[in-house]
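Hi,

Here is the structure I promised to pass on.

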Amino acid sequence: MMKCAVLDDYQGLAHSLADWGKLKIEAIFFNKHFFDEASLVDAIKDCEIVVAMRERTTFDRALLEKLTNLKLLITTARRNPSIDILAAESMGITVCGTDAKTYPTAELTWALILALVRHVPFEDTQMRLQKNWQMRVGVDIYGKTLGLLGLGTIGIRVARVAQAFDMKVIAWSNNLTRERCEENHVEYVSKDELLSQSDILSIHTQLSKRTEGLIGHNEFAKMKPAAYLINTSRAFIVNEEALLDALDRKLIAGAGIDVYEAEPLAFDHPLRSRANTVLTPHIGYVSEDNYRMWFAQIVENIDSWLGGKVIRRMDPAININRSL
């Protein structure tokens, strides 16, 4: 019987969110992350099918060459720059994905914004520790300027909420047009104007060679000292060293971060000790609606592949990995 490894099932929900019983395979669910390659290879070396959760595990050529039994690699969503698709195809490994919902990440973006400006984690902790009552004064977002680095599907959703809060919304990215901004009642600005005018700067562009390190020391120097940075997109768009420096020197007021250069984030990582941050463990996509759709489609992908038909094949042209 074919074996299927389902990786990084942190919440232990993958089995219950789809009809795995319809497949004539042995499915093995791993709820712990494999931090070293040797342990990963040892655990899944006998599997013909592997399911990857987003970009939690990197499947580069070196790893794929060690998985000699692998025939089908499935990832959640249609983009996964942690998979070397060209290398996989050259080895006869089929790579498939799933559809994805965009609104969960937009919703988390606003959770981070509001948590930051109203000091929600801090005040919640004070109450639970039975300490002081009302320690900090929140920042109003009414009339403030939300800057969007990217105005794709997620950026537009974030903009609509800002408009409901009576915020001014501005946007810029390498490919953004004035027409797209006008269609969504957003002001088109230059990169420098985006940085200098934003009270809250939220990143919603994809990681590419042009966007890697797009926000660095020079960019933080142009931001308002009272501004906040939100990143629910990709960690490498923001230079980590520059971010830490900006937080320490108070070049910005704080940051809400959901994505990191190495995940899970190390326990001794300096971001964990910065008081002017709100951190979440890359949960922008971790929602019930997404999970139900993803695992149902993963089972469909496997069932179809077992029947000789490939569905939702990944396109290598849209998957760019900085390290592959």
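The protein chain has eleven helices and twelve strands; these are DSSP runs, with helices being H or I of at least four residues and strands E of at least two, numbered from the N terminus. Its radius of gyration is 21 Å, close to the 20 Å that the globule rule gives for 324 residues, so the chain is as compact as a globular protein of that length. That radius is taken over C-alpha atoms, and the rule is 2.2 Å times the number of residues to the power 0.38.

Before going on, a word on where the numbers come from. This is a predicted model, where local features need pLDDT of at least 70, side-chain atom pairs count only at pLDDT 80 or more, and totals for chains, interfaces and linings use all residues. Residues are numbered from 1 along each chain as its sequence is written, and side-chain values use heavy atoms, with hydrogens and water left out.

Now the rest of the overall picture. Along the principal axes, the C-alpha atoms of the protein chain fill a box of roughly 60 × 50 × 35 Å. Of the 324 residues, 48% count as buried (under 20% relative accessible area; exposed is over 50% and partly exposed lies in between, with a 1.4 Å probe and protein chains only). The accessible surface of the protein chain is about 15,700 Å², and 49% of it belongs to carbon and sulfur atoms (Shrake-Rupley method, 1.4 Å probe; for residues, only the protein chains shown count as cover). If you take contacts between residues at least 6 apart in sequence, 64% join residues at least 24 apart, where contact means heavy atoms within 4.5 Å.

Ser198 sits in the loop between α8 (191-197) and β9 (200-203) and is buried, at a relative accessible area of 0%. Its side chain reaches two backbone atoms: the oxygen of Leu194 at 2.6 Å and the nitrogen of Gly147 at 3.5 Å. For such polar contacts, the pair must be N or O atoms within 3.5 Å; within protein, one must be able to donate a hydrogen and the other to accept it, and residues adjacent in sequence count only if both atoms are side-chain atoms. Beyond four places in sequence, the contacts of Ser198 include Thr145, Ile170 and Lys224.

Leu194 itself belongs to helix α8 and is buried too, with a relative accessible area of 1%. Residues up to four places away aside, Leu194 touches Gly147 and Ile170, among others. Its C-alpha atom is 12 Å from that of Ile215, 21 residues apart along the chain.

Thr98 is another loop residue, placed between β5 (94-96) and α4 (103-117). Thr98 is buried, at 0% relative accessible area, and a polar atom of its side chain lies 2.7 Å from the backbone nitrogen of Ala77. Among the residues Thr98 touches, leaving out those up to four places away, are Thr75, Trp294, Ile298 and Arg312.

Last one: Val51, in strand β3 (residues 49-52). Val51 counts as buried at 2% relative accessibility. Val51 has Ile298 among its contacts outside four places in sequence, along with others including Cys4, Val6 and Ile74. Between Val51 and Asp8, 43 residues apart in sequence, the C-alpha distance is 9.0 Å.

Cheers
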